[in-house]
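Welcome to this short tour. Please open the model in your viewer and keep the sequence panel beside it.

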Amino acid sequence: QLQLAESGGGLVQPGGSLRLSCVASGFTLDSYVIAWFRQAPGKEREGVSCISSRGSTTKYVDSVKGRFTISRDNTKNAVYLQMNTLKPEDTAIYYCAATRSVGLIAAMGCRMTNVYDYWGRGIQVTVSS
């Protein structure tokens, strides 16, 4: 059974940092594109960042550029999202998602739109003083 599990969320003060992890089970991530999405209360889910299967391409939504870094370790079947200088507006449930790196998405490296087949359950990140 293909599963993704997020960890590393929690409560942090503005300006603080968190590192989210996404670990896969039931399949190996090295042929999959991975993305992080988030959904805040009352808002639509948005793509935050994505990374190509080999890690050569990364993309970020404008609001997190320079603060968040996505990375992957295929030997550990994991993808990470380092979040620095967190702001209250980063408060949301964060989800990791995966899809096979084929066709158009492989040519693009990755995408932050909803083209993903496998999703984690999500993890809460709250930025508040």
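Predicted model: local features only at pLDDT ≥ 70, side-chain atom pairs only at ≥ 80, totals over all residues.

**The whole protein**

Start with the cartoon view. The protein is built from 11 strands and 1 helix. If you follow the chain along the sequence, the order reads β-β-β-β-β-β-β-β-β-α-β-β. Its radius of gyration is 14 Å, close to the 14 Å that the globule rule gives for 129 residues, so the protein is as compact as a globular protein of that length. Turn the model around: the C-alpha trace spans about 45 × 30 × 25 Å along its principal axes.

Of the 129 residues, 43% count as buried. Colour by charge next, and you can look for 14 positive and 9 negative charges, whose mean positions are 3 Å apart. How much of the contact in the protein comes from residues 24 or more positions apart? Among contacts with a separation of 6 or more, such residues account for 62%.

**Stop one: T126**

Select T126, which sits in strand 11, residues 123-127. T126 has a relative accessible area of 24%, so it is partly exposed, since that class lies between 20% and 50%. Show side chains here, and you will find a polar contact of 3.3 Å between the side chains of T126 and Q124.

Which residues does T126 touch, leaving aside its neighbours within four places in sequence? They are G10, L11, V12 and T91.

Move on to L86, in the loop between strand 8 and strand 9 (92-100). Is L86 buried or exposed? At 2% relative accessibility, L86 counts as buried. Beyond the neighbours within four places in sequence, the contacts of L86 include V12, P14, G15, G16, S17 and L18. R67, F68 and V127 are also in contact with L86.

With a relative accessible area of 46%, T85 is partly exposed. Check its backbone as well: T85 has a positive phi of about 45°, although it is not a glycine.

**Stop three: N77**

Finish at N77, in the loop between strand 7 (68-73) and strand 8 (78-83). N77 is not a glycine, yet its phi is positive, at about 55°. The relative accessibility of N77 is 13%, so it counts as buried; the cut-off for buried is under 20%.

Where does the side chain of N77 reach? It reaches the backbone oxygen of F27, at 2.8 Å. Show the surroundings of N77, setting aside neighbours within four places in sequence, and you will see it in contact with C22, V23, A24, F27, T28 and L29.

Conventions. Residues numbered from 1 in each chain as written. Heavy atoms only, no water. Helix = DSSP H or I, 4+ residues; strand = E, 2+ residues; numbered from the N terminus. Rg over C-alpha atoms; globule rule 2.2 N^0.38 Å. Buried < 20%, exposed > 50% of the residue type's maximum accessible area, 1.4 Å probe, protein only. Contact = heavy atoms within 4.5 Å. Lys, Arg positive; Asp, Glu negative; His and termini not counted. Charge placed at Lys NZ, Arg CZ, Asp CG, Glu CD. Polar contact = N/O pair within 3.5 Å; in protein donor to acceptor, adjacent residues only side chain to side chain.
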